[in-house]
Amino acid sequence: MIPNTASSARKWVEEVARLTQPGRIHWCDGSREEYEALLAQLVREGELIPVNGGQFEDCYLHRSHPSDVARVENLTFVCTADREDAGPNNNWMPPDNAHRLLDGLFEGCMRDRVMYVIPYCMGPINSPLSRCGIEVTDSAYVAVNMYLMTRMGAQALARIEREGEFVKGMHSIGELDPKRRYIMHFPEELSIRSYGSGYGGNALLGKKCHALRIASWQARQEGWLAEHMLIVEIEDPAGEKHYLAAAFPSACGKTNLAMLIPPDALAGWKVRTIGDDIAWLHLDGDGRMRAINPEAGYFGVVPGTNRETNHNAFEMLQRDAIFTNVGLTSDMEPWWEGRKFGIPTLNWKGEPVKSGEKAAHPNSRFTVSARCNPSYSPMAEHEAGVPIAALIFGGRRARLAPLVMEARDWRHGVLMGAAMASESTAASSDSGNGLRRDPMAMKPFCGYNFGDYWKHWLNFSGRSDRLPGIYHVNWFRQDEAGKFLWPGFGENLRVLQWILDRCKGRADARETPVGNLPRRRDLNLQGLDIAPEAMDGLLEVDTEGWREEMRSIAEHLAQYGDRVPSELTSEHARVAAALS
Ligand code: GTP
Ligand code: SPV
Ligand code: MN
């Protein structure tokens, strides 16, 4: 498995080893045997705890360091030569300084540790749209997660050897000290250096670091898009398949929508998953937008997952899953808030549960291969990707944003995406409290200046007249008492049905200054127990509230100065004028 000395992969790995001084180097071949041996080793080291072997087959619990439970946006940097290229949306450091800082941290950091070399492919192994990388890490937990989440090992290495180019990712858990923790990106060098965290997006470098931050940079140069989007296949009762891609911020419902189970009233419909977190979007030769999911597994939010909310996810967690930071029952079963049965005895830190405290961490996660998903679509392996009928943006907003609205055209849709806002969640340790703007759900993930990013989005309209429609949804509207107005989950298919019908010119809408909205009668609400007043609230347009919103959006856009495309400011002015 170790490539010959002339190989660029081998040379780079040797260079890293000279810096980090590992006790031993392990080139991962990606075999099941290797995965099982690593699991056994992690169990011996106490890094993984096997959970109940009766109900759960080959499932494990990992408890992360209590200070290392989510992405750290304050410690995540994009290091471009010109600060303006990273933009106000990213933390920035001059590349030389960043390298010096990280060289200091990485120097000798793997002494007495094993250095795992993980060649991986993001996307179907033979797809021309896929991209490869190598992650070097001293964490076996990262290696087993990468096995479940990416196409890793010998085949990926063969492709890297063929192509000669790959994204270079260096990772060490270091001392797991938040004061010595950095997640650094060097898009101009196609490289990533992550130190001091073993958690999720900080450490599984194929995911947010490569497939979003570095890939978004490459995508701009090459004319495609790398987005924080799920991709879902919807088969209508006539047997026709449609594909939607949707961007919601972290912990705002992508995994759930990607695995949706149709409610009884929509029994003829079938929903299958292509991807639950990341989409790479390309225009094909006919001007149609096509999407691939670069990932091969899921790193999903555990709390709230049960048979009713996400039956598919619940099913796939019964075998070959790794849980991170959930609680345990006295029978050693994994337990989390919203699981709906069982009683936790230990919390996510392994301490006895105290009353009133959560047993699972709110950002506790499961890692599982996509192959375990009962609703996994074979089209996810398709090398050309799936054709996208509509793009959907959405946020978690208790007020104002209606259940669904349609952009009048591409430019309006880009404004909808650029203006997106969402309430903070546990997926990041430091995204603040309350509402924040999260353009296209990419605030933590866009590897370059948002102004340039919006321009890149807008440019698509000059390249094709077959672009997907753009929509905005909000499953999270609340009443005065804080109760969700919309039942969500499976019932969200009713909204998707309206979107697909609109794409075919088969459904009606009313035009408003903020977009086209369904009336109550335009939605399929058959068999749904919802008060007409709640429905009216979900579909209202509060003109005064929207005027205020447009003022706030203007301030948000102005932060990006002269990098904001004029088409976007004029589109904003058009909507604002229509509201007054
Ligand atoms: P990341 O993996 O962080 O990118 O998150 P995600 O966007 O995939 O979010 P996910 O589907 O895991 O959902 C996050 C939380 O929102 C879970 O606790 C879900 O139970 C809850 N949720 C998802 N969909 C809905 C919905 O339609 N309505 C309501 N009320 N809650 C939902
Ligand atoms: C997110 O936070 O959007 C995730 C989890 O999908 S992580 O891999 O930690 O980024
Ligand atoms: Mn995500």
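Predicted model: local features only at pLDDT ≥ 70, side-chain atom pairs only at ≥ 80, totals over all residues.
Residues are numbered from 1 along each chain as its sequence is written, chains are lettered from A and ligands numbered from 1 in the order in which they are written, and side-chain values use heavy atoms, with hydrogens and water left out.

**Exercise 1. Cysteines**

Task: Find how many disulfides the whole structure holds, then look at Cys28 and Cys372.

Solution: 
- Begin with the rule: a disulfide is a pair of cysteine sulfur atoms within 2.5 Å.
- Searching the whole structure with this rule gives zero disulfides.
- For Cys28, the nearest cysteine sulfur belongs to Cys132 and is 15 Å away, and Cys28 is in no disulfide.
- For Cys372, which is in no disulfide either, the nearest cysteine sulfur is that of Cys59, 8.8 Å away.
- Now check accessibility, where buried means under 20% relative accessible area, exposed over 50%, and partly exposed in between (1.4 Å probe, protein chains only).
- Cys28 has 0% relative accessibility, so Cys28 counts as buried.
- Cys372 counts as buried because its relative accessibility is 12%.

**Exercise 2. Salt bridges**

Task: Count the salt bridges, and work through the pairs of Glu163, Glu549 and Arg494.

Solution: 
- The rule asks for a side-chain nitrogen of Lys or Arg within 4 Å of a carboxyl oxygen of Asp or Glu.
- By this rule there are 40 salt bridges.
- Start with Glu163, whose side chain meets that of Arg159 in a salt bridge at 2.9 Å, N to O.
- Both residues of this pair, Glu163 and Arg159, sit in helix α6 (residues 154-163), four residues apart, which is about one turn of the helix. Helices (H or I, at least four residues) and strands (E, at least two) are DSSP runs, numbered from the N terminus.
- Glu163 is partly exposed because its relative accessibility is 42%, whereas Arg159, at 6%, counts as buried.
- Move on to Glu549, which forms a salt bridge with Arg437, with the closest N and O atoms 3.0 Å apart.
- This pair links distant parts of the chain, since Glu549 is in helix α15 (residues 543-558) and Arg437 in strand β27, 112 residues apart.
- Glu549 and Arg437 are both buried.
- Finish with Arg494 and Glu491, a salt bridge whose closest N and O atoms are 2.7 Å apart.
- Arg494 is buried at 1% relative accessibility, and Glu491 is buried at 18%.
- Salt bridges with shared partners also join Lys207, Lys208, Lys254, Asp277 and Glu295 into one network.

**Exercise 3. Sequence and space**

Task: Compare separation along the chain with C-alpha distance for Gln526 and Ala265, and for Trp12 and Trp224.

Solution: 
- Gln526 is in the loop between β30 (515-517) and α14 (532-538).
- Its relative accessible area is 54%, so Gln526 is exposed.
- Gln526 and Ala265 are 261 residues apart in sequence, while their C-alpha atoms are 6.5 Å apart.
- Trp12 belongs to helix α1 (residues 8-20).
- Trp12 is buried because its relative accessible area is 8%.
- Trp12 and Trp224 are 212 residues apart along the chain, and 28 Å separates their C-alpha atoms.

**Exercise 4. A residue in a loop**

Solution:
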